[in-house]
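Okay, thanks for coming, everyone. I've got one structure to walk through today, so let me put it on the screen.

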Amino acid sequence: MPFVWDASTLTNGTLFTLDTELDDFDLLGEVDGLGSYDDVLRASTSWDIYGYKISVLSIDGLITAKERAGREKTSLV
């Protein structure tokens, strides 16, 4: 079944990974530990990338999300 990029699809999903020329790009409708899109937006900063204004989760927002999510930490070593 082909992917249909429309309002219905966006309304019914909370996570989309797009394959772009630069790399994979995640669109998140909610973030564990922070909540809804509006909650995440409050924990984000605005960036201007290639002429487009986008919101990016701040480092403080990322730390808060990870602390609140309560998932077990793993070591990279």
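So, Phe25: it counts as partly exposed, because its relative accessibility is 40%, and the cut-offs there are under 20% for buried, over 50% for exposed, and partly exposed in between, with a 1.4 Å probe and protein chains only. Before I go on, this is a predicted model, where local features need pLDDT of at least 70, side-chain atom pairs count only at pLDDT 80 or more, and totals for chains, interfaces and linings use all residues. Residues are numbered from 1 along each chain as its sequence is written, and side-chain values use heavy atoms, with hydrogens and water left out.

Back to Phe25, which sits in strand β2. Helices here are DSSP runs of H or I with at least four residues, strands are runs of E with at least two, and both are numbered from the N terminus. What does Phe25 touch, leaving aside neighbours within four places in sequence? Phe16, Thr17, Leu18 and Thr20, where contact means heavy atoms within 4.5 Å.

Phe25 also takes us to the largest pocket: along with Asp26, Leu27, Ile54 and Ser55, it lies nearest the pocket centre, out of 24 lining residues. The elements giving two or more residues to that lining are β2 (24–28), α2 (37–42), β5 (44–49) and β6 (52–57). The largest share is from β2, with five residues. The volume is about 820 Å³.

You'll want to know how that's worked out. On a 1 Å grid over the protein atoms alone, a pocket is an open set of points with protein on both sides within 12 Å along at least five of seven lines, a cavity is a set where a 1.4 Å probe fits but cannot get out, and lining residues have an atom within 4 Å of a point. Points are joined across faces, edges and corners, and the volume is the space filled by probe spheres set on them.

By class, the lining comes out as 14 nonpolar, six polar and four charged. Nonpolar is Ala, Val, Leu, Ile, Met, Phe, Trp, Tyr, Cys and Pro; charged is Asp, Glu, Lys and Arg; the others, Gly among them, are polar.

Next up, the loop between β5 and β6, where we find Tyr50. Its phi is near 50°, a positive value in a residue other than glycine. Most residues other than glycine have a negative phi. Is Tyr50 buried or exposed? Exposed, because its relative accessibility is 70%.

Gly61, in helix α3 (residues 59–69), counts as buried because its relative accessibility is 4%. Its contacts, again skipping neighbours within four places, are Leu34 and Ala43.

At the other end of the scale, Phe3 lies in the segment before α1 (7–11) and is exposed, with a relative accessible area of 55%. Phe3 touches Thr9 and Phe16, not counting residues up to four places away.

Last, the whole chain. There are three helices and six strands, in the order α-β-β-β-β-α-β-β-α. The radius of gyration is 15 Å, whereas a compact globule of 77 residues would come in near 11 Å. Buried residues make up 12% of the 77. That's my tour; over to you.

Notes:
The radius of gyration is taken over C-alpha atoms; the globule rule is 2.2 Å times the number of residues to the power 0.38.
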